[in-house]
Amino acid sequence: MASRSVVGKPSLTGKPSLTEKLGVHIDPELLSLALTHRSFAYEDGGSPHNERLEFLGDSILGQAVTVHLFTTHPELEEGALAKRRASVVSTVALAEVARGIGLGEHIRLGRGEDQTGGRDKDSILADTMEAVIGAAFLSAGPEASTALVLRLVAPLMADPERYGAAMDPKTSLQELAARLSLAPPTYTVSSEGPDHHRVFTASVTVGDVSRTGTGSSKKQAEMAGALAVWNALSERG
């Protein structure tokens with residue numbers, strides 16, 4: 001569990017707290033709830049967890065992105081708008097946003113989930129990001145939560161190439177590998193956990209770059225890994 005000083009106030013090292021990174025006041029109890037994963041709640045004797053806030057945040061996120069795309073892109077048809085929205089609100093994209101603000105280190109996880117890399121799993125990061133958005137809505141209202149969403153996803157919406165990568169990471173990675181005269185991507189997928197809560201991990205490699213992605217399905221894990229490799233190769237220029 002993250003300390004109150006890390007989440008709410010600047011640390012002694014001068015690093016910004018989570019609330020400073022978010023740029024919006026969130027009630028401390030709501031923020032703590034938003035950061036509480038089901039696995040932590042189960043080990044804590046069935047205490048509340050963040051899935052109701054996640055449900056709310058998903059709606060706030062979708063509305064904010066939809067209205068923004070509709071008003072700023074009058075030239076786009078419905079199909080193009082839908083694809084852009086899907087790319088921005090996808091699990092892969094939200095996990096990328098969450099990593100950008102260091103959200104994983106603040107999530108309250110059960111011991112087992114923590115030990116198996118839960119802090120960097122796309123599904124957990126994306127779900128927690130939505131819960132935080134829900135907590136922001138309840139704490140600061142619709143305008144502040146909408147502004148938060150647009151700040152968080154601004155890098156994705158400002159980069160047309162990333163739209164394509166987020167929507168179809170595997171195709172985008174294959175095309176990028178071809179442009180760089182590299183061999184096609186290779187994928188190795190493993191899974192763990194019970195059938196009703198199986199987690200897939202995909203290891204994706206292009207040239208000397210390898211990354212992993214996780215998800216609740218093989219496809220989702222491969223997409224997450226492909227986007228991570230696409231980002232790494234793109235940063236090389």
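You'll find Thr-128 in helix H9. Keep in mind that what you're looking at is a predicted model. So what does Thr-128 touch, once we leave aside its neighbours within four places in sequence? Its contacts are Ala-34, Leu-35, Asn-50, Leu-103 and Ile-107.

Now stay with helix H9, which covers residues 122–140, and bring in helix H5, residues 51–72. The axes of these two helices come within 6 Å of each other and cross at roughly 80 degrees. That angle makes H5 roughly perpendicular to H9. On the H5 side, the contact is made by Leu-53, Glu-54, Leu-56, Gly-57, Asp-58, Ile-60 and Leu-61. On the H9 side, the residues taking part are Asp-127, Glu-130, Ala-131, Ile-133, Gly-134, Ala-135, Phe-137 and Leu-138. Sort this contact by class and you get nine nonpolar, two polar and four charged residues. When you look at lists like these, a general point about helices is handy: an α-helix has 3.6 residues a turn, so residues three or four places apart point the same way.

Let's zoom out to the whole chain. How many helices and strands does it have? There are 13 helices and three strands. The radius of gyration is 18 Å, close to the 18 Å that the globule rule gives for 237 residues, so the chain is as compact as a globular protein of that length. If you boxed up the C-alpha atoms along the principal axes, you'd need roughly 50 × 45 × 40 Å. Of the 237 residues, 44% count as buried. The accessible surface comes to about 12300 Å², and 54% of that belongs to carbon and sulfur atoms. Then there's the question of who meets whom: among contacts between residues at least 6 apart in sequence, 56% join residues at least 24 apart.

Next stop, helix H7, residues 91–100. This helix is mostly covered, with seven of its ten residues buried. Those buried residues are Val-92, Ala-93, Leu-94, Ala-95, Glu-96, Val-97 and Ala-98. Just after H7 comes Gly-102, which takes a positive phi of about 65 degrees.

That brings us to backbone angles. Most residues other than glycine have a negative phi. Ser-181 is not a glycine, yet it has a positive phi of about 60 degrees. Where does Ser-181 sit? Look in the loop between helix H12 (169–179) and strand E1 (186–192). Ser-181 is exposed, with a relative accessible area of 68%, and anything over 50% counts as exposed.

Leu-18 lies in helix H2, residues 18–22, and it is buried, with a relative accessible area of 1%. From Leu-18 to Pro-28 is ten residues in sequence and 11 Å in space, going C-alpha to C-alpha.

Finally, find Lys-218 in helix H13, which runs over residues 218–235. The C-alpha atoms of Lys-218 and Ser-191 are separated by 8.3 Å, though the two residues are 27 apart along the chain. Neighbours within four places aside, Lys-218 is in contact with Val-189 and Phe-200.

Conventions
Residues are numbered from 1 along each chain as its sequence is written. This is a predicted model: local features need pLDDT of at least 70, side-chain atom pairs count only at pLDDT 80 or more; totals for chains, interfaces and linings use all residues. Side-chain values use heavy atoms; hydrogens and water are left out. Axes are lines fitted to C-alpha atoms, for helices over the stretch in contact, and angles run from 0 to 180 degrees between N-to-C directions. Helices (H or I, at least four residues) and strands (E, at least two) are DSSP runs, numbered from the N terminus. Angles under 35 degrees count as roughly parallel, over 145 as roughly antiparallel, 65 to 115 as roughly perpendicular and the rest as oblique. Contact means heavy atoms within 4.5 Å. Ala, Val, Leu, Ile, Met, Phe, Trp, Tyr, Cys and Pro count as nonpolar, Asp, Glu, Lys and Arg as charged, and the others, Gly among them, as polar. The radius of gyration is taken over C-alpha atoms; the globule rule is 2.2 Å times the number of residues to the power 0.38. Buried means under 20% relative accessible area, exposed over 50%, partly exposed in between (1.4 Å probe, protein chains only). Accessible areas come from the Shrake-Rupley method with a 1.4 Å probe; for residues, only the protein chains shown count as cover.
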